[in-house]
Every structure is written in structure tokens, then in C-alpha cells.
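Please open the structure in your viewer and keep the selection tool at hand.

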Amino acid sequence: MSNDAIDNENFKKYIDDFFDGLELYDDYKGRHHYKKLLKASIDVFLQYESKYTAKDVYRMFFMIYQITDEDKSKRQEKKDLVGEPNTVLNLIEVMEKYEKNTGELIDRQRDHFIHSVNVFLLGLAIYSQNQNYREIFTDYIEESDYEKYYGYKEGIVSREEFLYRWGIASLLHDIGYPFEIVGKQLKKIINEGVKSISNSYDVKLGIDFAEFDEFNSIVKIPPYCFAEKYREKNDDTRILNLFKPTDILGYKIAKDFGFDENYTKLLIDDLNSFVEYMKKEDFIDHGFYSAILVLNSYGKVLQKYKKDYDFFFYPVVDSASAILLHNYYNKTLQNKKKPFKLKVMDPHKSPIAYLLILCDELQEWNRQPFGILDQKKLHVNELLIEISNRKMTIEYILKDGFIGLGFSKDKQEFINGVLDINPVFENGLDVGSEVRPEVQNEIMRHSDIEDIQAPDIFMRNIEKIAIQINKNYNESIRKRYARAKKKGKIPEDLEKAHSYLEDDFFKLAPEFQLSNLRQARSIPKKLNLIGCEIAPKKDPRHRIGPRGFDESEIENLARYEHQEWCEEKRGNGWIFGEVKDNKKRISPYLVKWEELDDKTKNLDENAIKNIPKLLESIGLKVVRSKIRLLTYKMQEYYEKDNPQETKDQNAKVKKNATSEEKFNALDNHVKYANYKQANFIVQILKEKGYELVDINDKRDSIPEFGNNDIEHFAKREHYGWCRLKYDLGWKFGENFNEEKKLSPNLVKWEKLNKKVKDNNRNTFKNLPVMCAEEDVSLKIVKSE
């Protein structure tokens, strides 16, 4: 089985159960074998989850349910009809290209094809295992005016009715995602470009959709009788434009949720002005555009082939409204700023929307990352799932990476806040994640790389460092060569390396010059990852020598150097091969850090150990960054406020130990949490218009914060701490237990005990004083 497959037998069994009870209309009426073909594509996908196998599921579903000129109800197949355009599949092709080609221009974006197929399959699994949901769905169909639903026989709703509606909703719910990508690209440009000039640029983002009315319109094809039958059944649609997707969606949702005439009008007006609202509130809801695309596509093709238009106004509109609701329900219908203020969704109101919200939120395994930051994260690679009438339990297993802070808890809270779970799962829904012990270092390492920004460094210093890197490299190769020659045996790779040496940096091949420059540019970032920075020799802070880095810091930075080196080589056309060949650009070292031999690892580690000496050779030095010094100071103040709690820890260090020595004696997870806390404080200060600057900055310092700011900062700091703990596998427990990773403080701020709250508040009460102390030399100012 591939590592990219879902390693859960229950999940596969649930899918098998669904298909065992499924019979397709075209199979028993047209003597086809479409069910087997669809199941085959799903089986292959479950064995190896990839973009390719996901697209096969898409193709199979939308080819089986393609609307054509054939009259299947009369079993009349046009013999001269070989093929025709498949509008939906064309839309999918466009989305795939756009998602893949633009992903690297934004920070956070992950695959929506593998994701959507897994959403589709998760819904099938729930339907097959949960009788409560099946009954709710069946009642919904039978209570509607739709008379053409799929059935084994008269009056019995077939699983195919669910398959069809659910397939459209789940597989197309992200079809409008390119609209959101555009907004994310703009946001990244603003945040990283315009706002780098000054935070005073308060630019709102949104799509200025000048031709939205054109987009929000189903193409009219003669004889223009598309909506007549539906309008006759629903006299209250007389004032609506039933060629307008937002009118159709608003009416459908209002009808499902029992809105009166006034609220129906408010909802339709809200949807018709939703583009302007998104622009004003600085967000883009791709579900809104996805729903419109679905209605536009099916509306046109059904008119083109003059099909029964009830097919559009019931199953297709049901699926499209579910697509709209998968974001819109939470963000708008439950939004206190809007007039609707709905509570948790009752599954009887819109079963497909309910299921889409649930499955979309739960599906997080095997999602290929495209965004810049998402590519740096590793993700869920195993799923444990149990579904019954009474309960659904889902657990995400992390063997070699991490998902995101507070992942499973956030999902549990979101779902319980949006959906009424008990009518479907009598004993509720349980979402958990298991973080394997070996994963925790990966969490810390990758999180650091993501969060820390390297300071700029002058090109003159980059040039000096690069020249010195080449000089040091030449010296090391010559020493190794001399030792090998003395022993009488020179390895072939060392012989080649020695023959390529060039002492004049500017006579090196351009590729090697740039390689040294890349390594030089990377040093500030590497140092920042461990709370250090480059400073002139006259800086009063204590210099950090080669022995100032601990073993974990050296390994982490060596890993990062190897990762950057691999990116550089691949970017220059190098590929992996067992035997090195410079002419063919083949290297055996283009592998993960774990796959390197110790000798090669030592080369990277020695390069890290040599950074302080390297910088000193050009008149610079390595010092602890002021954020790191602030971290020491925060721990020092915490120990003063909590002497009993830190008594055992302080017993490990000598009596007159410095703040740094005391900090270094802390357990690794405590050090990491404190370091992350200090960086998080910088972030939350910005939220209120403050920033940390050097003590010599000319702006006036803030001597203290007001009570409102202190309360805001304390809450945000607690929230960040909780998310960090959850990401490291901690859970709530009445009593603290480090071995079992239980803490009584993993609760909402309102439920936190007073002592812990006061500790959080004291951090911000003391922060201006801590920053101003001589061994930190920072101050807090109002942002420009």
C-alpha cells in the first residue's frame, strides 16, 4: 500500500457497504456497468491518493451523470452521437490548472481535488453507516415537490438520489476557489509589499466584480420556458428572476429553513449584494462563486437539451445551495452582524448542506500543499474512523509532521458551533489527534522556520561572507586531501573536489559564486531560528562562540542548510542519482536529511559550528537576539511571581546563575514554549498598533498599557499557549500530568483560574519594564 493511502480498514469497508446497497438507473435500465466503473476508480484512489487518481473519480462521476441529447427515460440512445462537450469537466480542468500554477504565489493553499474526493467518500461512509441520516435525507426528498427522484420502485428513494446530489455538492464545492486565490494573491502583495513601507497603509481587499450581474445570470435558450413549471408550483416566486442564481439560491434556502416573506427578501437582497459585502469586509467566499458556477452550468445544458427542468430546480439547486451554505451558513446566517442570527443547523432543514459542512471540516488527511507556508508543513498521514448511529469518532495520526495549532480542538468546537450533531449521532462526535513522540521535534523545527523573519543584511557583508565561505571550504578540502595523500589513498570524489578549487572567488563558475552567496544570505535566517543575530563587534551584547550553540540547535540549522542546498541544486537542474556526475548534474545527496550518511551530515554541522568564526573574520559577531533576551527576562519575572512552582527547576542550576544559564537549564518543551511566547507577543502587540524597537529609537516609549489592552493581550497570549499545547499533543485534565500531557489550564479564558489569569496579565503589566532593562534594551512604541 502506498504511503499516500488512507490506512484505515473501516473507511474502506464503509465505502464498500455504500456500494453494496447501490443500484444505478443506467445499469438496470440500460444494461451498463457504471457502478462497477465508479467503484473501480474509487478503489484505485483509496489505494493511492494522488491528483491523478482523484481526477479519475471526477471524470467517472461526471461522465456517468453527463447531461446529453439522449433520452434515457425512454432508453433512446442516439447511435450517431459519439461525444459532446462536458461543461462540468471543463470547469474542473480550468480550476486544476489555476490552483497548481498560482499556489506558489500565496502562503496558504492546499489541494482541492484529493480533498473533495475524500469529502465525497466520507459522506458516502456516513450515509452507509448511519440510519438516522438516511431517514432524514429520505424524509427531505419525500416531503419536497420533486416527483422524478431515483427509486428502486415507486415511492422508495434509492441511494442513487443521495449519490447524485451528494456527488455534485461534494465534488464541486470548491470549483470557485480560483476567485479566492485572486484575493489571497492581492492580500500577500499588500501585506508583504505595500505594508512593508508602512503599517499605516490600511488597504481593504476584495474582487471589484463590475460585471457581476452578467456572471450572476443563467443563459437563456429558446423557447424560454425554463422556469414556468416551477413558478406554477411556487406562486411566491412571481417577483423573482429564476434565471438569476442568487434569487434561486435565496429562495431555496429560505424555503428549506422556513423563513417568512420578510426574511426571504432580506436573504435574497443579501445574496444579490454579497459581492459588495465581501469587498467591504475584506474576504472572499469561494462557495458563493462555486454555487453560481454550478447553476450556470446545469441551467444552460438542461435548456440546451430540453430536459425536465424540475431536474434543475430540485436536485441541482439542492446541491448548489449546499455548496453556498458550506461557508455562508457560519459566516453569514449565524453572524451576529447580520439580521438572521441562526443557531446550529438542523440536518432536517438541508441534509446535503449539513453533511457538506461536516465532511468538509473533517477532511484533512493527505492534502497536497501548494501554498508557500503550507509546503513547509507536513500533514496528517493516517486516519482512524468509526461511524455508527450512536457516535462518530475520528482521529488523525501524525507520524512525521504536524497540521496546525489546536487542530482537532478547533474542529470539534467549529462543528459543534455550526451543526446540531445529536439528531444524526445520538452520543455526539469525537474529534482527536495523536501526535507521535518522534513528531514533536518536527513540529518545533518547522514552526520556527515558518514563523521567524530574517533581518536584512548589507550586500557588502554578504559579499565578504561569501568570499570567506569559499576560503574556508578550500582550506577544509586541502586539509582532507593532505591527510588522504599521507595515507596513500585519495577517494575519487575528494580528488575531483580538490581539482575544482579556486582561491579567487570571482574566477569561480557563476553557479558556485551564487551558491556561496546563497549560503551567506541564509546565515541571518539560520541565526534567527535559534534566537541569535549578527551584530558589529562593538555591540555590548556577549558574543556567542562555536560552543555557544547546543546540539539540537546545530542539528536543526544543519537540516535547514541541507534543505536549502537541495532547493538550490534542484533549481539549477540537478537530479538524484546513486553516483555523482557533475557534467550530468547528478548527486547522491539530494535526499532527506535522515537518509544522509554521518560523514555528510558532519559537513553541514561543521558549517554551522563555523558561523561565529566566519563572522568574526570580517569584523562581525553572533549575539543573542533581543527577542531571545526578552524570553530570558520573561522567565526570570515568572520565577519571581511563582517561586514555589519553579523551586525544583532552579535547584538544577548554580546559585548565581545568569538568566541565560537558568533558561538553558529548563526542559526543552518549556524553553520552546517560552521562546514561541515571546515571538507571539511581538505579533499581538502589532494587533493593537504597538511594536518592539531598539532602546535608541527616537520615538517615545509606552510606559504602561491600559487595562483594556492588558486584558486583550492576556487573553490572546493564553489562546496562543493553548494552541501550542494542543499541537504538541496535550489535552485537558483536572490535574497536571506531564507524562500523560494533561493540563487543567487548557480551557477558555473565562474558565481559567484567577492565579493563571493574573500571571498572563502580569506579563503585559511588566512588559514595558522588562524591555527597558539594560540586558534587553528594547522599548515599546506606537507603530508609524
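## Salt bridges

The structure holds 44 salt bridges. The model is a predicted one, and the tour begins with a few of these pairs.

Select Asp56 and Arg59 to start. These two residues form a salt bridge in which the closest N and O atoms are 2.8 Å apart. Both belong to helix 4, which covers residues 51–64, and they stand three residues apart, about one turn of the helix. Asp56 has a relative accessible area of 29%, so it is partly exposed. Arg59 is also partly exposed, because its relative accessible area is 28%.

Next, select Asp308 and Lys229. Their side chains meet in a salt bridge, with 3.8 Å from N to O. Asp308 lies in the loop between helix 15 (286–304) and helix 16, whereas Lys229 lies in helix 11, so the pair ties together parts that are 79 residues apart in sequence. Asp308 is partly exposed, with a relative accessible area of 31%, and Lys229 counts as partly exposed at 39% relative accessibility.

Now move to helix 27 (residues 626–641), where Lys633 and Glu636 lie three residues apart, about one turn of the helix. A salt bridge links Lys633 with Glu636, and the closest N and O atoms are 3.6 Å apart. Is Lys633 buried or exposed? Lys633 has a relative accessible area of 3%, so it is buried, the limit for that class being under 20%. Glu636 counts as partly exposed, at 21% relative accessibility.

To see a network, select Glu161, Arg165, Lys252, Asp256 and Asp318 together. Salt bridges that share partners join these five residues, Glu161, Arg165, Lys252, Asp256 and Asp318, into one network.

## A charged patch on the surface

Select Glu135, Asp139, Glu142 and Glu143, and display the surface. These residues gather there in a patch of negative charge. Glu143 is placed in helix 7, which spans residues 131–143.

## A buried leucine

Select Leu271, in helix 13 (residues 261–272). Its relative accessibility is 1%, and Leu271 therefore counts as buried. Which residues does Leu271 touch, not counting residues up to four places away in sequence? They are Thr246, Leu249, Gly250, Phe288, Leu324 and Tyr328. Of these, Gly250 deserves a separate selection: Leu271 and Gly250 are 21 residues apart along the chain, and their C-alpha atoms are separated by 6.9 Å.

## Backbone details in the loops

Pro222 and Pro223 are joined by a cis peptide bond, with omega about 10°. Tyr224 lies in the loop between helix 10 and helix 11 too. The phi angle of Tyr224 is near 60°, a positive value in a residue other than glycine.

Finally, select Lys341, found in the loop between helix 16 (310–333) and helix 17 (351–362). Its phi is near 50°, again a positive value in a residue other than glycine. Lys341 counts as exposed because its relative accessibility is 51%.

Note on methods: Residues are numbered from 1 along each chain as its sequence is written. This is a predicted model: local features need pLDDT of at least 70, side-chain atom pairs count only at pLDDT 80 or more; totals for chains, interfaces and linings use all residues. Side-chain values use heavy atoms; hydrogens and water are left out. Patches are made of residues with over 30% relative accessible area and no salt bridge: like charges are joined within 9 Å, nonpolar side chains (Val, Leu, Ile, Met, Phe, Trp, Tyr) within 5 Å. Accessible areas come from the Shrake-Rupley method with a 1.4 Å probe; for residues, only the protein chains shown count as cover. A salt bridge is a side-chain nitrogen of Lys or Arg within 4 Å of a carboxyl oxygen of Asp or Glu. Lys and Arg count as positive and Asp and Glu as negative; His and the chain ends are not counted. The place of a charge is taken as NZ of Lys, CZ of Arg, CG of Asp or CD of Glu. Helices (H or I, at least four residues) and strands (E, at least two) are DSSP runs, numbered from the N terminus. Buried means under 20% relative accessible area, exposed over 50%, partly exposed in between (1.4 Å probe, protein chains only). Contact means heavy atoms within 4.5 Å.
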